[in-house]
Each structure stands twice: as C-alpha cells, then as structure tokens.
Amino acid sequence: MKKLIVSCDDLGISEEVNLGIYDCLEKGVATSSSIIANGRFYEHALNNVINQTTNKFYGLHLNLTEGKALNKKSINALSDENNRFKISAKKYFLLNFFKLNKTFKSIVYDEFKSQVKKVLKNGIKLSHFDSHEHIHHSPWIFKIITDLGKE
C-alpha cells in the first residue's frame with residue numbers, strides 16, 4: 001500500500017497561516033504540519049492548532065532566515081544586535097563554496113538544538129524535520145540536521 005503524506009509548513013508564522021493549516025488538517029487535506037519554533041505566532045499555533053486537532057504528526061520547520069534566534073550564541077554570527085536572523089537562504093547556499101569553521105557550524109547546531117528543545121518542552125512529539133526556505137539543501141546544514149535527528 002502506498003501512502004501520500006501532505007505536510008503544511010510555516011505553522012506559527014502568522015495567525016492566518018495557522019488557521020489555514022488547522023482547516024487543512026481538520027478536513028483531511030493535509031496529514032501533517034511543521035512548526036516554526038521561533039515564529040511570532042508560535043503560541044497561537046500551540047493553542048489553536050496543535051491542541052485543537054486530532055493530528056499527531058508534527059515536524060519542526062528549522063529556521064535560520066526569518067524572525068529572532070532562540071539561542072544567545074547566535075547573536076553576531078547568525079543574527080544582528082536585535083537577535084533577528086541576518087543571513088538569507090541564498091547566502092547559506094553560497095557558504096557551500098567556502099570552508100566553514102567549526103565554530104560557525106557549532107552555532108548553527110546550537111540554534112537548531114534550541115528550536116528542537118522548545119517544541120519538545122511544549123509536548124510536541126516530532127515526526128520529522130524540514131526547513132524554512134529549503135536551507136537543508138546545503139550539504140553542511142543537512143549534515144547538522146541529520147545529526148540532530150539521530151539524537
């Protein structure tokens with residue numbers, strides 16, 4: 001038997017997106033969703049989608065490009081002085097062509113780990129990881145994500 005998984009990402013990014021995802025999950029149009037741990041409407045997503053649907057398949061939409069970082073180590077490396085991410089998805093891709101130091105990779109790992117810890121702390125059982133703006137297409141980021149998945 002083949003199974004089709006339809007997942008909605010960006011849960012937690014806005015109230016409108018959250019309500020649209022809620023409708024998709026309730027009507028059976030989607031089978032899962034992935035939440036942005038640092039989304040401005042994360043709490044709204046918890047209260048109005050995750051806690052209100054019977055869906056149990058939620059992933060983490062790992063994010064390094066929009067909103068505020070969750071880990072203080074991200075300041076200056078990944079985010080500006082206001083803790084807002086400062087590197088675009090295109091720039092993360094371009095970093096594939098440069099030798100990255102271990103410290104930078106470690107900061108990315110720590111930021112992702114903070115995002116994982118936040119959703120787990122809120123009782124969300126993760127079924128998968130994906131990423132905002134497809135940053136996981138960068139091999140070095142993909143490796144960090146697979147290492148996190150093994151943990």
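**Close-up 1. Helices α1 and α2 cross in a right-handed manner.** In this predicted model, helix α1 covers residues 15-26 and helix α2 covers residues 42-50, and the two pack at an angle of about 25° with their axes 10 Å apart. They are therefore roughly parallel to each other. Some terms for this view: helices (H or I, at least four residues) and strands (E, at least two) are DSSP runs, numbered from the N terminus. Axes are lines fitted to C-alpha atoms, for helices over the stretch in contact, and angles run from 0 to 180 degrees between N-to-C directions. Angles under 35 degrees count as roughly parallel, over 145 as roughly antiparallel, 65 to 115 as roughly perpendicular and the rest as oblique. A crossing is right-handed if the near helix is turned clockwise from the far one by less than a right angle, and left-handed if anticlockwise.

Two notes on reading the views: residues are numbered from 1 along each chain as its sequence is written, and side-chain values use heavy atoms, with hydrogens and water left out. Because the model is predicted, local features need pLDDT of at least 70 and side-chain atom pairs count only at pLDDT 80 or more, while totals for chains, interfaces and linings use all residues.

**Close-up 2. Helices α4 and α5 also pack together.** Here the angle is about 45° and the axes are 10 Å apart, so α4 and α5 are oblique to each other. Helix α4 passes α5 in a right-handed crossing.

**Close-up 3. K113 and E151 meet in a salt bridge of 2.4 Å, N to O.** A salt bridge is a side-chain nitrogen of Lys or Arg within 4 Å of a carboxyl oxygen of Asp or Glu, and the structure holds three. K113 sits in helix α4 and E151 in the segment after α5, 38 residues apart, so to speak of the pair is to speak of a link between distant parts of the chain. K113 is partly exposed at 25% relative accessible area, while E151 is exposed at 56%. Buried means under 20% relative accessible area, exposed over 50%, and partly exposed in between (1.4 Å probe, protein chains only).

**Close-up 4. D110 pairs with K73.** The closest N and O atoms of this salt bridge are 3.2 Å apart. D110 lies in helix α4 and K73 in the loop between β3 and α3, so the pair ties together parts that are 37 residues apart in sequence. D110 is buried at 15% relative accessibility, whereas K73 is exposed at 51%.

Close-up 5. N76 has a positive phi of about 80° although it is not a glycine, and N83 has a positive phi near 70°. Which of them is buried, and which exposed? N76 is exposed at 56% relative accessible area, and N83 is buried at 16%.
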